[in-house]
Structures are given as C-alpha cells and as structure tokens.
Amino acid sequence: MSSVPPARGLRVPGIDWLLLGSVLALSVLGCLLVWSATSGSDATAGDGYVIRQVVNVGVGLVLLTVVLVVDHRWVRILAPLVYVASAIGLVLVLVMGTTINGSRSWLMLGGLSVQPSEFAKLAVVIGMALVVAERTEGRWRARVGLKDVALMLAVAGVPAVLILAQPDLGTMLVLTATVFGVLAVSGAPRRWLALLAGGGVTAAAAAVAFGLLADYQVDRFLAFTDPDLDPQGAGYNVEQARIAVGNGGLLGQGLFDGSQTRAGFVPEQHTDFVFTVAGEELGLLGAGLVILLLAVVLWRALVIAANADDLFGRIAAAGIACWFGFQAFQNIGMCLGIMPVTGVPLPFVSYGGSSMFAGMLAVGLLQNIHLRSASGRQARMRPPSRVLVRA
C-alpha cells in the first residue's frame with residue numbers, strides 16, 4: 001500500500017503593501033494640494049483640476065494592477081515595444097507637438113494632453129535593463145564590458161536626443177541621472193562612469209559657452225546662482241516659492257488657507273511647485289511627511305532591487321529608484337532654491353496624467369519584480385515532496 005503525504009502548497013506571497021500604501025498616501029495628499037492650489041480664485045476650476053487628478057490616480061492604479069498581475073516573461077517580451085512606442089511619441093512631439101513654457105513636449109489628442117517624455121524615462125530604464133540581462137545572463141563570470149556600456153548608452157541616447165530637441169532640460173537632467181545610476185548598478189567599470197561624468201560636465205559647459213541653450217534656460221540657471229539678480233523676472237518663481245515655504249512654519253497656515261497660495265503668487269503651483277503648497281499650508285511637519293513617504297518609496301524600490309532573483313529585475317528596480325529619487329530631489333530642491341528651476345513634476349503629487357501614469361506603471365513593475373522574487377524564494381525553501389511506499 002502506498003501513502004503519499006499531501007505536499008505543502010506554495011504560499012503565494014503578498015505584494016509590498018508598504019510601497020503601495022506610500023504611493024496611495026502621496027496620491028491622496030497630491031489631490032488635496034492640487035485642489036488647494038487651483039481653487040483660490042475660481043472654485044469651479046479648482047474642482048475641475050482635482051476631479052481630473054482623481055481620475056488620473058484611478059487610471060494609474062488600473063495600469064499598476066495590469067503590470068503587477070502580468071506574467072514576468074511578458075514584461076521582458078513587451079519591453080522593446082514600450083521603448084519603440086515612447087520613441088515614436090517623442091518624434092511625434094517634434095512633428096506635431098504643442099509648445100508650453102518654451103518646451104515642445106506635449107501631444108494634444110482631442111481634449112487630452114500627453115507628455116511622451118514621462119514614459120520615455122520608464123522605457124529607458126527597462127530597455128537598458130533588458131540589454132544587460134540578455135547579454136550577460138547565463139554567462140560564466142559575466143561582466144559588463146565596453147560593448148555592453150555602448151549598447152546601453154545607445155538605448156538611452158535615442159530618447160535623450162529627441163528630448164533635447166524639444167528642448168526639455170528638466171527631463172534631460174532626470175534621464176541623465178537615471179542612466180548613470182543604471183550603469184553603476186549594472187556593474188559598469190568605474191573608469192567608464194568617471195569618463196561619462198566628465199563628458200557630461202564638459203558637454204553642459206560647451207552648451208552654455210556656444211549658446212545652445214535657450215535664453216530662458218540660461219536665465220533660470222543665473223537666477224539659481226543669484227535669486228536676487230532678477231526678482232521680477234527669471235528669479236521670480238524661486239523667490240515666491242521660498243516665501244511660500246517659509247510662511248508655513250512648523251504646523252502651516254492650514255489647508256486652503258495659505259496666503260501665497262490663495263493670492264496665486266507662485267506660478268504653476270499645482271504642477272511644478274506643488275511642494276510649496278505643502279510647505280505653506282501643512283508646514284514643516286506636512287512637507288516632511290511628503291519627503292518621508294517619498295523616502296519610503298525609494299527604500300522599498302532599493303529593497304526590491306536587492307532581493308530580485310534576476311539581473312533584469314535588479315537593474316530595472318534600481319533604475320526606477322534612481323529616477324524617482326533624483327526627480328523628487330530636483331523638484332523639492334527648486335522649491336527650496338537649492339536646485340535650478342527646470343520644470344519637473346513631483347512624483348505622485350503634482351497634477352498631470354502622463355507623470356502619474358508613468359509613475360504607476362513603474363510601481364506596478366516594482367511589485368511584479370517583488371512578487372516574482374518572493375515566489376522564487378518560497379519555491380527554493382519548500383522541501384521536495386516524498387513518496388513513501390509500504391508493502
């Protein structure tokens with residue numbers, strides 16, 4: 001007689017609730033801050049903005065869920081299509097895009113505006129991760145060499161050139177920092193990282209010296225070095241943002257009661273300068289909460305990268321952390337006057353559909369990597385089932 005004990009089933013691990021909770025909290029805070037920033041002079045317009053932002057969050061969560069539940073093999077299969085689609089979007093921007101604030105970065109599709117450069121950040125991350133994974137996985141003592149670095153730079157170079165042609169300097173800075181982080185995580189030789197950093201500084205200096213930047217971009221950098229240089233012109237945004245944040249004190253003036261926000265002194269306060277609303281109306285504690293939630297998102301992304309079972313997952317997760325981290329630092333830094341004004345949104349907080357959708361897709365990919373790595377560990381820990389045969 002044979003007796004087969006029931007095999008212990010593989011426990012399906014849960015998603016990273018701390019990551020998801022932090023993203024949801026940031027999104028809720030963002031909706032409140034957008035509502036406050038846009039309802040000062042026209043309540044109807046304010047309601048319209050917040051309703052659209054709530055819809056953006058809802059659509060973003062649907063996209064997050066789709067990426068989370070899809071088989072991880074499809075993520076790698078679809079990665080080239082995502083990259084090609086983002087490149088086509090960037091080309092269409094140059095052909096038929098709309099210019100806003102000096103940058104030709106938006107496609108108007110009926111009543112919907114799309115910014116392809118936001119999706120290009122995710123496309124570059126997964127494209128570079130796929131290149132490294134396909135070339136090194138399965139090799140004995142595989143190392144990232146010159147040819148691998150060249151291919152990764154080529155993957156990043158096509159969107160970078162198209163973004164520079166818009167020109168969108170803020171997105172280019174974020175993309176540059178992200179690419180550098182991906183190269184570092186992938187194991188690129190340090191000498192190549194040093195050469196790339198030196199080349200980037202040289203290229204930036206040459207762009208300024210030969211007048212390749214637009215006048216308003218040069219003025220923004222000059223205002224960053226000396227905000228009092230043109231307080232009513234290029235330095236106006238920085239000066240008003242610093243005043244708004246300083247008005248908040250420890251506890252803030254109260255949601256919907258910020259004096260600078262109510263008066264509309266800070267331009268683009270629902271998008272690029274939404275952090276000033278948190279600083280003025282929620283104070284140091286509220287603004288600190290926003291920073292803390294962003295830090296939790298970065299921490300969980302790095303943990304997911306460290307625990308990933310495959311090279312693609314590790315590099316993709318680390319690249320997303322670099323993207324979120326530098327973009328948040330750039331946005332908050334320009335609101336505090338420690339970074340130049342470049343017009344990048346605060347992840348999950350600023351108003352805008354493209355930024356929200358791209359961010360939620362990235363979080364969905366992080367959750368997908370987390371689920372796969374956790375399932376792999378559970379499978380390895382499960383003892384093999386035994387078949388006992390008794391006569």
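Colleague: I'm new to this one, so where does Phe256 sit?
Modeller: Phe256 is placed in the loop that runs between helix H9 (236-247) and helix H10 (259-263), where helices (H or I, at least four residues) and strands (E, at least two) are DSSP runs numbered from the N terminus. Please keep in mind that this is a predicted model, in which local features need pLDDT of at least 70 and side-chain atom pairs count only at pLDDT 80 or more, while totals for chains, interfaces and linings use all residues. Residues are numbered from 1 along each chain as its sequence is written, and side-chain values use heavy atoms, with hydrogens and water left out.

Colleague: Okay, and what is the phi of Phe256?
Modeller: The phi of Phe256 is near 75°, which is a positive value in a residue other than glycine.

Colleague: Is Phe256 buried or partly exposed?
Modeller: Phe256 counts as partly exposed because its relative accessible area is 26%, and the scheme calls a residue buried under 20%, exposed over 50% and partly exposed in between (1.4 Å probe, protein chains only).

Colleague: Which loop holds Phe348, then?
Modeller: Phe348 lies in the loop between H13 and H14, and its phi, near 70°, is again a positive value in a residue other than glycine. With a relative accessibility of 3%, Phe348 counts as buried, whereas Phe256 is partly exposed.

Colleague: What about Thr342, where is that?
Modeller: Thr342 also belongs to the loop between H13 and H14, and Thr342 is buried, since its relative accessible area is 8%.

Colleague: Let's change topic to helices. How many residues does H6 have?
Modeller: Helix H6 covers residues 169-186 and has 18 residues, and from its first C-alpha to its last it reaches 26 Å, which is close to the 26 Å expected at 1.5 Å a residue; that expected span is 1.5 Å times one less than the number of residues.

Colleague: Which helix is Val34 in?
Modeller: Val34 is part of helix H1, which spans residues 17-38, and Val34 counts as buried because its relative accessible area is 0%. The C-alpha atom of Val34 is separated by 10.0 Å from that of Ala278, although these two residues are 244 residues apart along the chain.

Colleague: Now the strands. In what sense do S2 and S3 pair?
Modeller: Strand S2 (residues 98-100) and strand S3 (residues 103-109) pair in the antiparallel sense over 3 bridges, and two strands are said to pair if DSSP finds at least two bridges between them. Within this pairing, Ile100 has Ser103 of S3 as its bridge partner.

Colleague: How do S3 and S4 pair?
Modeller: S3 pairs with strand S4 (residues 112-114) in the antiparallel sense, over 3 bridges, and Val114 in S4 is the bridge partner of Leu107.

Colleague: What lies between S3 and S4?
Modeller: S3 and S4 form a hairpin with 2 residues between them, and in that turn Gly110 has a positive phi of about 70°.
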